[in-house]
Amino acid sequence: MAYEELEAAMRRRLGRECLYVPSCRLGLYVALRHWCPPGGLVLMSPVNDDVIFFVVLAAGLRPVQAPLDPRDGSLDPAAVPEELWPRLSAVLTTNLYGNPDPAPELAARCAGLNIPLIEDAAHAIGSESAGRPVGTFGQASVFSLSKHTAAKAGGFLTIADPGLRDALTKARDELLEPRGAGAELAYWARPYAEATVRGLRLAPAAWAALRLLGQQERDDIRMPLRPADLTRALSVAPNLGAFHSWARVDMHDYRATPGRGRLARIARKVGRLDAVLDAHRAGTRTLLATEWARPGPGPVQPLFRVPLLVEDRDAARAALARERITVGYLYDPPLDDYAGAAFTDPSPAPEPARWFARHALPVDPLKAERTIAVLRAAGVRPARGGPTGG
Ligand SMILES: Cc1ncc(COP(=O)(O)O)c(C=O)c1O
């Protein structure tokens, strides 16, 4: 088993050239290094995984936090000050939880400025924008197979220009580390460790076991920033190795050469992807019909998580935890509040992102019915205020 089978499956899905990568974050690093000269400014979403923020820094780039649409956390191009656009080296989308960023509009902007659009489609496999798959608009896009397929490893870097395949393959291979027995063991042990954690109702000892496997390292929503260490790492950027302790969070083998068994398992998961996406779409439809949702105008997407907007997010999360429903993928506070002006340009309009980050409860659509029952029983109220509420 080599990468070809997986790449062919993804190529059929997207209709463009695809390169297998051991993680979405590594694919993103390869893309940023290829398209963006060090020192450039990259517009990105502040409601995003901190790992992505550190990958942008590792690539020697300066993040600029974008204004967001508070309904779904998507980028709001209309709120980007006109004078900022010509200063950018690239735009990086997030497609948060699978809700598409306005890719056609952003692609047109980037084309006018002659800068790349790079799509992070980690959450958005199967999502569409203007009838086209997310991940087919930019010069490059990256996908994570750890999300919808729950493969816990793997991803794709996809490219608009197939002529770049060889150069990017070389760049990827130079970053790969040899397969380690420890990494393979952790990969196979992880589902069992997680099942134990659930079985023990999130017992601290079981979380400690997961931490030992390098798969669960954030005590809080955001990982510790460690500003002094980060300043030192920045002085040698671009350099992925210098950022290893941040870039590896939740996935220590993010740049490991995969073994045959792992690739075969990932291929089986990818083979079942359409059924998984159908189930995500059905659960999304159910969740969007509840009082906590603010559905947008477009078609129902097979969301990775459905961001319900609740008044007291932490209370809702605790009520779900009591029923053994874990809510992850929270990105609060926004990255500009988390990292500060030393490490990122702040958003020119931070409030909508803050509001969204504070109220969004990302619900797994595969657990829609159970989650709704728990939220109703706990009397969880929809978020007040915000874009359309009163
Ligand atoms: C928006 C987003 N992009 C990229 C990634 C990284 O994906 P991977 O874990 O495959 O590197 C994540 C991880 O959770 C994510 O949430």
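In the predicted model, the second largest pocket has a volume of about 650 Å³. Its lining comprises 30 residues, of which Asp72, Asn99, Gly296, Pro297 and Gly298 are the closest to the pocket centre. Classified by side-chain type, the lining of this pocket consists of 15 nonpolar, 8 polar and 7 charged residues.

Both domain 1 (4-175) and domain 2 (273-377) contribute to the lining of the second largest pocket, each with at least three residues. At the level of secondary structure, at least two lining residues are supplied by each of strand 5 (74-75), strand 8 (128-129), helix 11 (273-288) and strand 12 (306-309). Among the contributing elements, strand 12 gives the most to the lining of the second largest pocket, namely 3 residues.

His359 belongs to helix 14, which spans residues 351-359. The relative accessibility of His359 is 6%, and this residue is therefore classed as buried, the cut-off for that class being under 20%. A polar atom of the His359 side chain is placed 2.8 Å from the backbone oxygen of Val310. When neighbours within four places in sequence are set aside, the contacts of His359 comprise Leu308, Leu309, Val310, Glu311, Arg313 and Ala383.

Note on methods. Residues numbered from 1 in each chain as written. Predicted model: local features only at pLDDT ≥ 70, side-chain atom pairs only at ≥ 80, totals over all residues. Heavy atoms only, no water. 1 Å grid on protein atoms, 1.4 Å probe; cavity = no way out; pocket = protein on both sides within 12 Å on 5 of 7 lines; lining within 4 Å. Points joined across faces, edges and corners; volume = space filled by probe spheres on them. Helix = DSSP H or I, 4+ residues; strand = E, 2+ residues; numbered from the N terminus. Nonpolar A, V, L, I, M, F, W, Y, C, P; charged D, E, K, R; others polar. Domains from an automatic or database assignment. Buried < 20%, exposed > 50% of the residue type's maximum accessible area, 1.4 Å probe, protein only. Polar contact = N/O pair within 3.5 Å; in protein donor to acceptor, adjacent residues only side chain to side chain. Contact = heavy atoms within 4.5 Å.
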